[in-house]
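Subject: Structure handover

Hello,

Please find the structure below. My notes on it follow.

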Amino acid sequence: MSFDSVLSWWEGHEGLLQLLLEALGETVAMVFASGFIGFAIGIPVGIVLHLSKKNGLLEHHFLNKILGMVVNIGRSIPFIILLVAIIPFTRFIVGTTIGTAAAIVPLTIGAIPFIARLVEGALLEVPSGLVEAAQAMGAKPAQIITKVLLPEALPGIINAVTITLVTLVGYSAMAGTVGGGGLGDVGIRYGYQRFDATVMMITVVILVFIVQLIQSMGDHFVKYVDHR
Amino acid sequence: MIQIKKVNKVFYQAGRAIHALSDINLSIEQGSIFGVIGSSGAGKSTLIRCVNLLERPSSGSIIIDGVDLTKLSTQELTLTRRKIGMIFQHFNLLSSRTVFDNVALPLELAAVSKDKIKEKVNSLLELVGLTDKSDTYPANLSGGQKQRVAIARALASDPVVLLCDEATSSLDPATTQSILELLRKINSELNLTILLITHEMAVVKGICAQVAIIGDGKMVEKGPVGDIFAHPKTELARQFIRSTLDLTIPADYRARLLPTRVEKSFPLVRLEFTGASVDTPVISQLARQFDIDISIISSNMDYVGGVKFGLMLAEFFGTEDAALKAVAFLKEHNVEVEVLGYVI
């Protein structure tokens with residue numbers, strides 16, 4: 001496909017630009033809104049998972065077991081099933097089951113356990129000696145969390161944020177199933193169902209670009225905060 | 001003053017009880033440097049961790065300045081720990097904080113004002129000689145510098161006690177000496193009680209006034225450093241001291257070693273000098289009196305607390321009769337002699 005043919009194709013599909021921009025906006029809205037809410041809930045859940053572990057700072061066997069089980073269940077439900085399974089809950093929260101806002105609910109629910117496990121893993125990377133040193137210098141549990149665990153795990157947590165956002169870009173493509181819109185939805189409807197390979201290609205390229213951008217920004221932040 | 005009274009620690013592993021510490025009693029004077037030495041797995045790490053209750057003793061009490069730590073509530077313990085500094089083998093500095101912020105951490109925990117923190121941290125960095133590294137991250141420091149930061153951090157809350165958990169074990173000998181020098185300095189300047197555990201004899205010898213030897217979770221012996229090394233009373237203490245001094249027979253000598261004396265072979269002997277040995281120049285006396293030439297192969301002699309002690313591996317060149325007499329002479333002078341064999 002030469003440059004000229006791309007140009008002429010483009011002239012025949014002027015409405016498409018508008019469509020793609022809208023879809024891009026929807027994807028960004030879905031990814032970042034669900035990501036933001038997901039972190040707000042998932043990070044504390046991850047912290048609790050870590051602290052309540054055996055030999056953890058605030059060991060609590062029962063809480064750890066229950067929370068771990070809930071997280072595992074959340075992690076094991078395929079997203080496409082979660083999307084339709086929680087429709088009543090989505091309606092309860094946003095009042096509708098279609099549209100971008102409705103897609104944010106299952107995306108968030110899907111992201112929380114994912115983030116929780118990643119954050120738990122990041123906290124696990126903090127050497128236990130640091131917590132011990134803090135205890136030895138008379139730090140209270142809350143101080144250990146805010147002054148030792150979280151700052152030391154920050155590179156890992158930022159990494160978790162990056163991985164989650166990238167995963168959410170992928171999940172958001174499925175949100176078309178509930179009329180959530182977004183680039184994935186455009187790709188399926190125009191590209192796959194109408195056999196328009198060019199549209200499919202364009203959406204894929206944009207998605208690749210978004211993922212690259214998120215990843216390199218994440219890497220940059222990690223590099224900035226990581227002094228290990 | 002630290003008092004460790006009847007401390008026991010039992011770990012349960014797969015349903016089996018492991019006695020990490022059995023009935024440990026220790027009393028450490030304010031302002032003294034006390035060393036606990038033992039081989040790995042002896043329980044010395046558990047012991048020091050029991051002092052600030054990082055490890056809670058199964059029974060017994062830890063009394064620091066009259067307060068029994070085992071009887072304190074969690075909050076009281078947290079506050080009391082601020083008066084007990086601790087440094088570790090692996091430094092345990094926060095990688096996310098600069099040198100300044102690491103030293104400032106204990107002060108932040110105690111909600112000290114920013115101005116006071118700045119003043120205190122700067123004076124501590126001066127004490128440990130790291131003023132120019134204030135804004136450096138720990139990853140860019142050498143091991144010795146990291147331990148200096150850790151010492152400054154441990155001193156930030158003006159502790160009365162400093163616990164050193166194998167603090168020099170991952171440092172090279174020269175750096176070890178400089179850290180010990182620093183510990184000695186803060187001990188005398190701040191009248192700080194230092195309890196250190198180590199497996200290195202050089203550390204105990206270099207800095208401690210008193211030492212306790214611990215083996216298999218039991219206190220084997222304790223007393224002034226010179227006394228312990230010179231007059232070990234128990235077999236365990238003796239074994240331990242010997243293991244720190246141990247001389248092995250070089251491989252080529254071992255290959256030429258015969259169990260009995262034959263023509264043109266000479267005895268290879270191991271001499272062990274202890275505090276009981278008569279303090280005379282026995283080696284040169286031997287040579288003169290019995291007409292034997294002595295070739296020292298290797299030796300590990302030391303002088304601590306007014307006594308010489310150590311091991312020596314030597315060959316006695318001379319007649320069989322002279323060698324026997326020389327051995328008898330050494331035994332008379334309380335030097336322990338063992339004929340390891342005869343070298344061709």
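Predicted model: local features only at pLDDT ≥ 70, side-chain atom pairs only at ≥ 80, totals over all residues.

Does B:Asp158 count as buried or as partly exposed? At 46% relative accessibility, B:Asp158 counts as partly exposed. The residue sits in the loop that runs between helix 5 and strand 7 (161-165) of chain B.

B:Phe91 has a positive phi near 65° and is not a glycine. B:Phe91 belongs to the loop between strand 6 (84-88) and helix 3 of chain B, and with a relative accessibility of 12% it counts as buried. Just after helix 3 of chain B, B:Ala111 takes a positive phi of about 55°. For context, most residues other than glycine have a negative phi.

Helix 3 of chain B (residues 99-109) is largely enclosed by the rest of the structure, because 9 of its 11 residues are buried. Among them are B:Val99, B:Phe100, B:Asn102 and B:Leu109. The cover over the buried residues includes helix 4 (114-127) and helix 5 (143-155) of chain B, and also helix 8 (141-172) of chain A.

On the interface: 17 residues of chain A are in contact with 22 residues of chain B. The two chains, A and B, bury about 1900 Å² between them, with 60% of that area on carbon and sulfur atoms. On the chain A side, A:Met137, A:Lys147 and A:His227 lose the most area to chain B, together 35% of what that side buries. The rule finds 2 salt bridges across the interface of chain A and chain B. In a salt bridge between A:Lys147 and B:Glu108, the closest N and O atoms are 2.9 Å apart.

Chain B also has an open sheet of 5 strands, in the order 11-15-12-14-13, with antiparallel pairing. Strand 11 (257-258) and strand 13 (293-304) of chain B are the edge strands, each pairing on one side only. Strand 12 (residues 266-273) and strand 15 (residues 336-343) of chain B run antiparallel and are joined by 7 bridges. B:Arg270 stands opposite B:Glu338 of strand 15 of chain B. Helix 12 (residues 320-332) of chain B packs on the sheet and touches strand 12, strand 14 and strand 15 of chain B, its direction making about 160° with that of strand 15. Helix 11 (residues 282-290) of chain B lies across strand 12, strand 13 and strand 14 (307-317) of chain B, and runs at about 155° to strand 13.

B:Cys164 counts as buried at 1% relative accessibility. B:Cys208 is in no disulfide either, and with a relative accessible area of 9% B:Cys208 is buried.

One last item, in chain A. A:Gly176 is placed in the loop between helix 8 and helix 9 (183-192) of chain A. A:Gly176 and A:Ile98 are 78 residues apart in sequence and 9.2 Å apart in space, C-alpha to C-alpha. Leaving aside neighbours within four places in sequence, A:Gly176 is in contact with A:Gly181 and A:Asp185.

Regards

Notes: Residues numbered from 1 in each chain as written. Chains lettered and ligands numbered in written order. Heavy atoms only, no water. Buried < 20%, exposed > 50% of the residue type's maximum accessible area, 1.4 Å probe, protein only. Helix = DSSP H or I, 4+ residues; strand = E, 2+ residues; numbered from the N terminus. Contact = heavy atoms within 4.5 Å. Disulfide = S-S within 2.5 Å. Pairing = 2+ DSSP bridges. Axes fitted to C-alpha atoms, helices over the stretch in contact; angles between N-to-C directions. Buried area = accessible area lost by both parts, 1.4 Å probe. Salt bridge = Lys/Arg side-chain N within 4 Å of Asp/Glu carboxyl O.
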